[in-house]
Amino acid sequence: MTATIHNRRRNHSSIAIMSATPPAPAPPAHGGLNGHAPRPSPTAESFSKFFESWIAEQSRDLAALRAAASAADPAAPEADLRRLVDRVLGHYEHYYRAKAAAADDDVLRMFSPSWTSTTENLFLWCGGWRPTAALHLLYAKSGMQLEHQLPGFLNGGSLDPDLADLSAAQLQDADQLQRRTIKREREIEDAAATAQEALATARMVELAGGGEMNGEAMEREMETKADGMRRVLDMADALRLETMRGVVALLRPAQAVHFLLAAAELHLAVHEFGRRKDGHAGAGAAPSPPQQP
C-alpha cells in the first residue's frame with residue numbers, strides 16, 4: 001500500500017511545487033529583520049515583555065499562514081509562499097537572538113521562566129521545547145492530512161500539495177534529520193549532566209561546611225556553575241532553531257506553510273491553555289480571613 005501511494009504521488013507531482021525550500025539565511029550580526037533598525041536586546045528582566053510581544057507576532061504569523069494554507073488556488077505563486085516561510089523563520093531567529101542576550105544577562109530566569117505557564121514549564125527540555133518534537137509534529141500532521149485525503153486518492157483523485165503529499169525521498173530525509181537530532185540531544189543532555197553534577201565538587205562542599213557560608217566565595221563559585229548551564233542553553237537553542245530550519249528545508253514551500261502553521265497552532269494553544277489554567281488556579285485560592293484584633 002505504501003509503495004503504491006508513493007508511486008501515485010509521483011504521477012500527480014505536477015500539481016505541486018517541486019523545488020525544495022532552502023533554509024532562511026542567517027540573520028546579520030548588525031541591523032534588524034527585513035532592513036529595519038535593530039531592536040534593543042532585552043535583559044532577563046525585560047524578556048517577559050519581549051515574550052508577550054513575540055506571542056502577538058506569532059499570532060499574526062498564524063493568521064498569515066492560515067490564509068496561505070486555505071487559499072482557494074492550490075497553485076499559489078511559489079515566491080509568495082517562500083517569502084512567507086522565510087519571514088516566519090526570521091521571527092524564530094529573532095526570538096532566539098533575544099533569548100541569548102537575556103541569558104547572558106541572567107541565565108537563571110531562562111530555566112525558571114515566569115513568562116510561560118506552569119503547564120509549559122512541565123514539558124521544558126534544557127530551557128525550551130525538545131528539538132525532536134518538530135519531527136514528531138511533522139509526522140503527526142502528515143498522517144492526519146493523508147488519512148483525510150486517502151479515500152479520494154484511492155478512488156483516483158490526487159493528493160493536495162500539503163504534508164499528505166510527502167515523497168519517499170522527503171520521508172527518508174526526515175528520518176535522517178531525526179537521527180542526527182537525537183544524537184545531538186544526547187550530547188546536550190550529557191553536557192547538562194556534567195554541569196549539574198559540578199554542583200557537588202569538593203570546593204562546594206568546603207564552602208557549604210562549617211556552619212558559616214562565605215557569601216562572596218559562594219557567589220563566584222555559583223556563577224561558574226551557571227556558566228555551564230548557559231552553554232547548555234546555547235547549544236539547546238541552536239539545535240531547536242537548526243531542527244526547525246532543517247524540517248522546512250526538506251519541504252516544498254506549500255508544505256512548509258502547513259508545517260509552520262501546525263507549529264504555531266500547537267505552541268499558541270498550549271500557551272493559552274496553560275495561562276488559563278494558571279489563572280483559574282489563582283482565582284480558586286480563597287484569601288485568608290482577616291485576623292481579629
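Glu52 is partly exposed in this predicted model, with a relative accessible area of 43%. The residue belongs to helix α2, and beyond its neighbours within four places in sequence it is in contact with Trp115 and His271. Glu52 and Trp115 are 63 residues apart in sequence, yet their C-alpha atoms lie 7.8 Å apart in space. The protein chain that holds these residues has ten helices and zero strands.

**Overall architecture**

- From the N terminus on, the elements of the protein chain follow the order α-α-α-α-α-α-α-α-α-α.
- The protein chain has 293 residues, of which 40% count as buried.
- Among contacts in the protein chain with a separation of 6 or more, 83% join residues 24 or more positions apart.
- The protein chain has an accessible surface of about 16,400 Å², and carbon and sulfur atoms account for 57% of this area.

**Packing of α7 and α9**

- Two packed helices are described by the angle between their axes and the distance between the axes.
- For helix α7 (residues 168-197) and helix α9 (residues 215-249), the axes come within 9 Å and cross at roughly 170°.
- Angles over 145 degrees count as roughly antiparallel, and α7 and α9 are therefore roughly antiparallel to each other.
- On the α7 side, the residues that meet α9 are Leu177, Thr181, Arg184, Glu185, Ile188, Ala191, Ala192, Ala195 and Gln196.
- On the α9 side, the residues that meet α7 are Gly228, Met229, Val232, Met235, Ala236, Leu239, Glu242, Thr243, Gly246 and Val247.
- The residues of this contact comprise eleven nonpolar, five polar and three charged.

- Arg184 lies in helix α7 and counts as partly exposed, at 29% relative accessibility.
- Leaving aside neighbours within four places in sequence, Arg184 is in contact with Leu239 and Glu242, both of which are listed on the α9 side of the helix contact.
- The C-alpha atoms of Arg184 and Ala236 are separated by 8.9 Å, although the two residues are 52 residues apart along the chain.

**Nonpolar cores**

- The largest nonpolar core has 47 residues, of which Phe47, Tyr92, Leu138, Val247, Leu251, Phe259 and Leu260 touch the most other members.
- At least two residues of this core are supplied by each of α2 (47-69), α3 (78-105), α4 (107-111), α6 (133-154), α7, α9 and α10 (253-284).
- Helix α3 provides the largest share of this core, with eleven residues.
- A second, separate core has seven residues, including Cys126, Ala192, Val232 and Leu239.
- Ala192 in α7 is also listed in the contact of α7 with α9, as are Val232 and Leu239 in α9.

**The loop between α5 and α6**

- Trp125 is found in the loop between α5 and α6 and counts as buried, at 8% relative accessibility.
- Beyond its neighbours within four places in sequence, Trp125 is in contact with Arg130, Pro131, Glu185, Ile188, Glu189, Ala236 and Arg240.
- Trp125 and Leu233 are 108 residues apart along the chain, and their C-alpha atoms are separated by 9.6 Å.
- Cys126 is located in the loop between α5 (118-122) and α6, and at 17% relative accessibility it counts as buried.
- Most residues other than glycine have a negative phi.
- Cys126 is not a glycine, but has a positive phi of about 50°.

- Ser142 has its place in helix α6 and counts as buried, at 10% relative accessibility.
- Not counting residues up to four places away in sequence, Ser142 touches Leu163, Ala164 and Leu166.
- Glu265 has its place in helix α10 and counts as partly exposed, at 27% relative accessibility.
- Not counting residues up to four places away in sequence, Glu265 touches Leu62 and Arg66.
- Glu265 and Arg66 are 199 residues apart in sequence and 9.7 Å apart in space, C-alpha to C-alpha.

Definitions and conventions
Residues numbered from 1 in each chain as written. Predicted model: local features only at pLDDT ≥ 70, side-chain atom pairs only at ≥ 80, totals over all residues. Heavy atoms only, no water. Axes fitted to C-alpha atoms, helices over the stretch in contact; angles between N-to-C directions. Helix = DSSP H or I, 4+ residues; strand = E, 2+ residues; numbered from the N terminus. Parallel < 35°, antiparallel > 145°, perpendicular 65-115°, else oblique. Contact = heavy atoms within 4.5 Å. Nonpolar A, V, L, I, M, F, W, Y, C, P; charged D, E, K, R; others polar. Core = buried A, V, L, I, M, F, W, Y, C linked by side-chain atoms within 4.5 Å. Buried < 20%, exposed > 50% of the residue type's maximum accessible area, 1.4 Å probe, protein only. Areas by Shrake-Rupley, 256 points an atom, 1.4 Å probe, with all protein chains shown as cover.
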